[in-house]
Amino acid sequence: MAIIRTENVTKGFGGLIAVNRVSVDIHPEQLTSIIGPNGAGKSTFFNIITGFFKPDEGRIFFRDEDITGLPIHQIVRKGISRSFQILNIFEESTVWDNVWVAVQGSLGYGKELLGRVEKLAGVEEETSRIIAEMGLEYEGGSQVKYLSYGEKRLLEIALALTTRPKILLLDEPMSGLPADERRRISAYIKQIAQAVTVVVVEHDMDVVMAISDRILVMYEGRILASGTPAEVRQDVRVQEAYLGAMP
Ligand SMILES: Nc1ncnc2c1ncn2[C@@H]1O[C@H](COP(=O)(O)OP(=O)(O)OP(=O)(O)O)[C@@H](O)[C@H]1O
Ligand SMILES: [Mg+2]
């Protein structure tokens with residue numbers, strides 16, 4: 001069963017159709033990348049799946065349940081998460097505190113947490129696990145402002161994992177990072193993809209080809225092609241669409 005299935009999803013802005021009758025299946029065991037030139041509709045499609053935009057037409061299913069039009073918090077609660085912008089990180093706080101706050105918030109304890117020692121221990125354990133998974137054990141006590149861009153990006157992704165999603169959508173997780181930090185992020189994405197279905201929008205073709213099981217190519221709001229990295233690379237329509245449009 002697909003973890004996400006869309007049927008004819010369409011979204012326009014004024015006269016422009018940003019996403020045009022997109023029907024795709026996202027398979028839970030695959031790392032899927034969505035590629036395409038600037039303005040192809042990739043981010044808009046992510047925004048529709050995660051409830052930030054309502055589609056003008058079409059349906060979105062999560063494990064065969066129709067989630068079209070649900071509010072964002074309900075979509076998150078179903079198990080669909082996305083990375084947010086860097087602004088959601090408290091720069092003056094430590095890595096540990098950032099993750100801790102997100103973990104306890106997403107476990108839904110809120111204020112009643114205080115005084116419940118066993119729950120507190122659960123939050124600490126989960127916080128440690130997430131920080132270790134990022135490979136930031138040594139930076140746990142550091143203020144976030146002292147982290148590199150790549151480490152902040154790791155933290156951003158880790159915060160999206162605190163809601164314990166079944167599927168995580170990452171929009172350009174490598175953008176603006178130098179090569180060594182890109183390698184670190186792509187290794188982390190590969191690692192988390194063992195436990196969570198990951199969908200990545202990314203322009204870095206080397207990364208996309210290396211990490212993806214399946215690639216969806218968007219062009220002018222539509223799905224132009226899909227397949228394994230090798231299939232997509234050889235697709236003549238894809239090559240034509242990218243001529244002059246991609247770096
Ligand atoms: N909120 C909005 N209001 C109006 N037009 C929008 C809005 N969001 C996106 N668009 C337009 O919709 C089209 C698709 O944009 P989108 O951001 O989804 O593309 P993208 O594939 O993510 O591109 P990029 O690779 O540059 O991030 C573009 O023409 C864009 O200008
Ligand atoms: Mg985009």
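The shell around ligand 1 consists of 5 nonpolar, 6 polar and 2 charged residues, where Ala, Val, Leu, Ile, Met, Phe, Trp, Tyr, Cys and Pro count as nonpolar, Asp, Glu, Lys and Arg as charged, and the others, Gly among them, as polar. The model is predicted, so that local features need pLDDT of at least 70 and side-chain atom pairs count only at pLDDT 80 or more, while totals for chains, interfaces and linings use all residues. Residues are numbered from 1 along each chain as its sequence is written, chains are lettered from A and ligands numbered from 1 in the order in which they are written, and side-chain values use heavy atoms, with hydrogens and water left out.

**Ligand 1**

- Of the 13 residues around ligand 1, the nearest are Asn38, Gly39, Lys42, Thr44 and His203; a residue is near if one of its heavy atoms lies within 4 Å.
- Helix 1 gives the largest share of the shell, 3 residues.
- Polar contacts are pairs of N or O atoms within 3.5 Å; within protein, one must be able to donate a hydrogen and the other to accept it, and residues adjacent in sequence count only if both atoms are side-chain atoms.
- A polar backbone atom of Gly41 is 2.9 Å from an oxygen atom of ligand 1, and a backbone N or O atom of Ala40 lies 3.2 Å from an oxygen atom of the ligand.
- The side chain of Glu172 places an N or O atom 3.4 Å from an oxygen atom of ligand 1.
- Taken alone, ligand 1 exposes 640 Å², and the protein buries 61% of that (Shrake-Rupley method, 1.4 Å probe; for residues, only the protein chains shown count as cover).

**Domains**

- The chain is divided into domain 1 (1-79 + 165-247) and domain 2 (86-163), with bounds from an automatic or database domain assignment.
- The domain centres, taken over C-alpha atoms, are separated by 26 Å.
- The contact (heavy atoms within 4.5 Å) takes 17 residues from domain 1 and 15 residues from domain 2.
- About 1,300 Å² is buried between the domains, 63% of it from carbon and sulfur atoms; buried area is the accessible area (1.4 Å probe) that two parts lose on being put together, summed over both.
- Pro165, Arg184 and Tyr188 supply 42% of the area that domain 1 buries against domain 2, more than any other three residues.

**Backbone**

- Most residues other than glycine have a negative phi.
- Arg164 has a positive phi of about 50°, and Glu172 has a positive phi of about 55°.

Definitions and conventions
Helix = DSSP H or I, 4+ residues; strand = E, 2+ residues; numbered from the N terminus.
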